[in-house]
Amino acid sequence: MNTKKLTRYIGIAMVLGIVVGYFCHNYAQNQKEAVQIASYFSLITDIFLRMIKMIIAPLVFATLVTGLASMSDASAVGRIGMRAMVWFIAASALSLLLGLALVNIFQPGAHMNLALPDAGLTSGLKTGDFTLKAFITHVFPRSIAEAMANNEILQILVFSLFFGAALSFIRGKGHNTIYNLIDELAKIMFRVTDYVMRFAPIGVFAAMAAAITTEGLGVLVSYGKLIGEFYLGLALLWVILFAVGYLFLGKSTFRLGGLIKEPTLLAFSTASSESAYPKTIEALTRFGVPKRISGFVLPLGYSFNLDGSMMYQSFAVLFIAQAYNIQMSFTQQLTLLLVLMVTSKGMAGVARASLVVVAATLPMFHLPEAGLLLIMGIDQFFDMGRTATNVVGNSLATAVISKLEGKREDAADTASAAAEDAPAGQAASQNA
């Protein structure tokens with residue numbers, strides 16, 4: 001489907017979803033009936049997201065392995081990975097600091113004056129297994145079949161690193177059969193992706209209709225200040241990210257922004273980064289990013305570079321503290337930033353990851369975990385914005401790293417050409 005048409009259809013589907021959800025919410029006699037009606041819309045959304053998930057594992061594996069195998073310089077993998085991690089850490093710190101600054105300036109929960117909840121009241125989120133030790137162990141797959149079945153992107157990435165390195169060695173011996181097969185698999189998966197994306201407007205419509213049917217438009221008014229301030233923060237984060245991108249990419253940054261419009265809109269409307277992954281890869285390829293780089297950096301970013309989610313976490317923790325009139329000193333807030341920098345890196349593959357990170361962090365600062373119930377009801381609206389921001393941040397990171405890698409390759413080619421010309425020049429001088 002034509003990219004512009006698909007983007008237009010997704011936009012129309014969002015509006016129709018809101019309208020239909022509004023009428024369904026008014027039609028429902030009570031909340032239980034509204035949830036039941038919404039479940040029929042959610043069925044469509046679930047089917048679409050299942051189709052997305054079925055292509056993620058083979059797509060990540062094929063693009064990453066072919067990308068690594070095509071790198072003649074083994075040190076390029078380490079260099080690209082190091083540049084990516086430097087960017088990810090810097091972007092994470094920026095996102096967390098911005099969230100802390102805005103929630104201190106706006107004080108969205110300061111006037112709620114809530115009494116501390118019953119100690120036995122919890123959010124119901126499972127946080128017991130969410131530890132740094134568990135995360136590090138979880139990174140390494142017990143079985144690649146299990147990792148692919150569960151769409152564990154970080155585990156697939158680890159296996160693909162080994163497989164790609166081994167395939168690169170085999171190619172060096174003149175054996176290209178496996179590489180050609182996996183390269184063909186990548187092409188097939190991009191075609192399958194195109195087929196699946198044709199259903200995107202239907203999935204978007206259902207997702208929006210389900211959310212509005214359950215919560216109604218009133219939720220946007222009731223929590224309008226909190227939602228508005230959070231989205232203002234996301235807008236500022238976008239400006240900063242694009243400004244930094246402009247330093248490296250120049251005017252082509254605006255072209256990149258236009259190309260990623262469709263995957264960003266898709267991520268926003270479905271609140272799923274996975275739904276945007278195939279189209280993000282496609283947009284970066286059209287921008288000129290080699291698949292060997294996008295296939296490596298983008299999956300890595302899905303685990304370590306979630307800018308919108310990072311900002312949300314600092315925003316949510318301080319909002320809960322303000323709502324219960326619990327003062328957090330500057331030192332405590334700085335400690336909170338460092339804690340979130342570490343704990344958030346294990347969020348990949350965790351259901352409702354940002355909420356789980358917040359729920360796991362609250363007890364560390366003696367904040368009531370039940371405070372998360374204040375925002376769980378409208379988390380869908382936060383999730384839409386932070387997911388779209390994650391796509392933007394990862395797209396810019398991949399494009400910038402590709403630009404830096406391209407400059408290095410150009411410099412290496414120039415130096416190589418100069419070295420080859422030098423002996424010829426010396427010989428000509430001697431003959432003269």
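A residue is termed buried when its relative accessible area is under 20%, exposed when it is over 50%, and partly exposed in between (1.4 Å probe, protein chains only). The structure is a predicted model, in which local features need pLDDT of at least 70 and side-chain atom pairs count only at pLDDT 80 or more, whereas totals for chains, interfaces and linings use all residues. Residues are numbered from 1 along each chain as its sequence is written, and side-chain values use heavy atoms, with hydrogens and water left out.

Salt bridges (a side-chain nitrogen of Lys or Arg within 4 Å of a carboxyl oxygen of Asp or Glu) were searched for throughout the structure, and eight were found. Asp-383 and Arg-386 form such a pair, with an N to O distance of 3.1 Å. Both residues are buried, and they stand three residues apart, about one turn, in helix H19 (residues 379-431). Helices (H or I, at least four residues) and strands (E, at least two) are DSSP runs, numbered from the N terminus.

Lys-187 takes part in a salt bridge with Asp-183, the closest N and O atoms being 3.8 Å apart, and in another with Glu-184, at 3.5 Å. Lys-187 and Asp-183 are separated by about one helical turn because they are four residues apart in helix H7 (residues 177-197). Glu-184 and Lys-187 are likewise about one turn from each other, being three residues apart in H7. Lys-187 is partly exposed, at 48% relative accessible area; Asp-183 is also partly exposed, at 22%, as is Glu-184, at 40%. Elsewhere, a network of salt bridges links Arg-79, Arg-83 and Glu-405.

The lengths of several helices were compared with an expected span, defined as 1.5 Å times one less than the number of residues. Because 13 of its 16 residues are buried, H8 is largely enclosed by the rest of the structure. Gly-216, with a positive phi near 80°, follows this helix. The buried residues of H6 include Ile-153, Gln-155, Ser-160 and Leu-167. In helix H10 (residues 224-249), 26 residues should span 38 Å, which agrees with an end-to-end C-alpha distance of 36 Å. Glu-229, Phe-230 and Gly-233 are among the buried residues of H10. Just after H10, Gly-250 has a positive phi of about 65°.

Positive phi values also occur in residues other than glycine. Gln-107, with a phi of about 50°, is placed in the loop between helix H3 (75-106) and helix H4 (132-139) and is partly exposed, at 29%. Asn-325, with a phi near 55°, lies in the loop between helix H15 (307-323) and helix H16 (330-343); its relative accessibility of 41% makes it partly exposed.

An unreviewed UniProt entry places the feature "transmembrane region" at several segments, including residues 9-28 and 84-106; such annotations may be inferred rather than shown by experiment. In the model, residues 9-28 are 95% helix and 0% strand, with end C-alpha atoms 28 Å apart. Residues 84-106 are 100% helix and 0% strand, and their end C-alpha atoms are 33 Å apart.
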